[in-house]
Amino acid sequence: PSFRDRHFHEKIRKNPPAIAWGSHRSARQVLTMKKEQQTVVLGQPITMEQFIAVCRFGAQVEFSDDYCQRVRKSRQLVERWVDEGKVMYGVTTGFGSLCTKAISKEETAKLQENIILSHSVSLGEPLSIERVRGVLLMILQNLGQGYSGVRLELLEQYRQFLNRGVTPWAPGDGSVGYLSPEAHMALVLIGRGKAYYQGELLPGDQALKKAGLEPITLSSKEGLALVSGTTSATAMAALGLYDFQKAAKSADIIGAMSLEALKGVMNAFDARVMQVRPHTDQGDTAENVRRILAGSGIIEKYRGHRVQDALSLRCIPQLHGAAKKTFRDAEKTIEIEMNSCCDNPILWPEEGNQDVISACNPDSAYVGMEMDSACIAAVSLAKMSERRNNRIIDESRNGYPSFCIASPGLNSGLMIPQYTQAGLINEMRGLATPSTIDNTPTCGNQEDYVAMGYPACKKSGPMAEKLESVLAIELLSAYQVQQFVDPDVKRSPATQAVLDEIAKHVPVLKQDDFLFPYIQYLKDFIHSGALIRAAESVTGPLK
């Protein structure tokens, strides 16, 4: 497992988290939770913050009475219909293009095990622990709507996986929207496959035993339900989007710090300018910058010394705002998907209207298209960050020593981190190519249209990580250039709060040094939300 995965298991093992969750909690509150118990109760719609609490911060999961009653009611219907021999896709028939093949009552349980074994074919690097935890939570949400007909005991086993830290090993490559990674996860239910437990990768049966659990036998409908749906795509989209939104707010802070260091003009952030082009996120971004730079002696000293700045500075409200709107639109879609039934077939258990409907709620177009758009927005944030960084390190643009080092020539200073930004953004542009425009038919042309939402959502995690890295490099420059910016003039209180926190971990460079640890620290500073907390300790919650 990755460093973050190992850290997660060690944190949960030594210090099980403990805070009761309300229905609404800000991202800032989530990020400040440390040792208190967290519990998320399933049965009503959950929020993005509650999702993150479980998959990233180890919150415990409980089922409400309504949740349990819904699941039991739909299960009774499946058992009755199996006894009656009713034709149900994937229950008394084969799967995909094999849906014309009848399955006897005696074979229904074997059919469900077979789908898990035959579908466990994803390849490549395993999904991260937080991604797998997210998928398990989405499976509980999906099947707990009461339209899938699985047993409560099955869902209870996944709930225990989350609560006891059993994380199935699941390769992440080769899915078009569902099926294969989820099948690898389901193997652990039956004592097969592999799983992490307390930081160790073990055979599935051994991981269960160490966690005090026993393998279960799948029953009718359950194997299909476990691998169907948009659960993996939605989980990865939610994680990626959460980090995108945090990075966008961080970009406001870092961009404002760069603007201040470059003696920028505040006219472009005037509220009157925003009123005549009333995009909400544009206006909110401008307000954020005004609040971050309130009280800046630098901004005051150089007020009016030029008419306007380069676009990478004066266009922060417009571009950051457009990216934030894209993320906000995606959040609406993803939260709907998180609280939906995306199974097939769907059981309708209401008295007098009981039915089994084979349709296509597992289609991943909604989340896929949103994350394709979100990835494009992330590249836009990164490309502007790189241009701001270039203005800080380019002597011809700002009058400071080249590459923010006192003796350029003998020292390269911050020359090469900008190369890193260029390389990262090149990779990001490749990832930003929309996945959902592809169509490679599967299943003997039974699935002749394929949404490809899974690849769109899977790339959001690496995209968010690269965006954090690009922003970290701009932040490093904004920090290092301070030694040359009017030392006797006060920075804004918010800027100073951020600089003071960074100074605890990053020295002011007087000569060349090993830069990687500083960039890595700043990236984690952004990822953890500590940058936002430092700025908001002065400004209050930013928009």
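This is a predicted model: local features need pLDDT of at least 70, side-chain atom pairs count only at pLDDT 80 or more; totals for chains, interfaces and linings use all residues.

Colleague: Why are α17 and α19 called roughly antiparallel?

Modeller: Helix α17 (residues 365–393) and helix α19 (residues 415–431) pack at an angle of about 165 degrees. Angles over 145 degrees count as roughly antiparallel, and therefore this pair is given that name. Their axes are 10 Å apart, and α17 passes α19 in a left-handed crossing.

Colleague: Which residues of α17 and α19 meet?

Modeller: On the α17 side they are Ala-378, Val-379, Ala-382, Lys-383, Ser-385, Glu-386, Arg-387, Asn-389, Asn-390 and Ile-393. On the α19 side they are Gln-418, Gln-421, Ile-425, Met-428 and Arg-429. By class, this contact of α17 with α19 has 6 nonpolar, 5 polar and 4 charged residues.

Colleague: What makes the contact between α5 and α8?

Modeller: Helix α5 contributes Ile-116, Leu-117 and His-119, while α8 contributes Ser-180, Ala-183, Ala-186 and Leu-187. These residues divide into 5 nonpolar, 2 polar and no charged.

Colleague: Why are α11 and α13 also termed oblique?

Modeller: α11 and helix α13 (residues 280–292) pack at an angle of about 55 degrees, with their axes 9 Å apart. Roughly parallel would require an angle under 35 degrees, and roughly perpendicular begins at 65. The angle of α11 and α13 lies between these limits, and the pair is therefore oblique. α11 passes α13 in a right-handed crossing.

Colleague: Which residues of α11 and α13 meet?

Modeller: Asp-252, Ile-253, Ala-256 and Leu-259 in α11 meet Thr-285, Asn-288, Val-289 and Ile-292 in α13. That contact has 5 nonpolar, 2 polar and 1 charged residues.

Colleague: How many cavities of 30 Å³ or more does a search of the whole structure find?

Modeller: The search finds 1. The volume of the largest cavity is about 40 Å³, which is above the 30 Å³ used in the search.

Colleague: What lines the largest cavity?

Modeller: Its lining consists of Met-138, Asn-142, Thr-230, Thr-231, Thr-234, Glu-337, Met-338, Ser-340 and Cys-342. The elements that give two or more residues to this lining are α6 (129–143), α11 (231–261) and α16 (316–338). By class, the lining has 3 nonpolar, 5 polar and 1 charged residues.

Colleague: What is the phi of Leu-179, and where does Leu-179 lie?

Modeller: Leu-179 has a positive phi of about 85 degrees, although it is not a glycine. This leucine lies in the loop between β6 (171–173) and α8 (180–189).

Definitions and conventions:
Residues are numbered from 1 along each chain as its sequence is written. Side-chain values use heavy atoms; hydrogens and water are left out. On a 1 Å grid over the protein atoms alone, a cavity is a set of points where a 1.4 Å probe fits but cannot get out, and a pocket is an open set with protein on both sides within 12 Å along at least five of seven lines; lining residues have an atom within 4 Å of a point. Grid points are joined across faces, edges and corners, and a volume is the space filled by probe spheres set on the points. Helices (H or I, at least four residues) and strands (E, at least two) are DSSP runs, numbered from the N terminus. Ala, Val, Leu, Ile, Met, Phe, Trp, Tyr, Cys and Pro count as nonpolar, Asp, Glu, Lys and Arg as charged, and the others, Gly among them, as polar. Axes are lines fitted to C-alpha atoms, for helices over the stretch in contact, and angles run from 0 to 180 degrees between N-to-C directions. Angles under 35 degrees count as roughly parallel, over 145 as roughly antiparallel, 65 to 115 as roughly perpendicular and the rest as oblique. A crossing is left-handed if the near helix is turned anticlockwise from the far one by less than a right angle, and right-handed if clockwise. Contact means heavy atoms within 4.5 Å.
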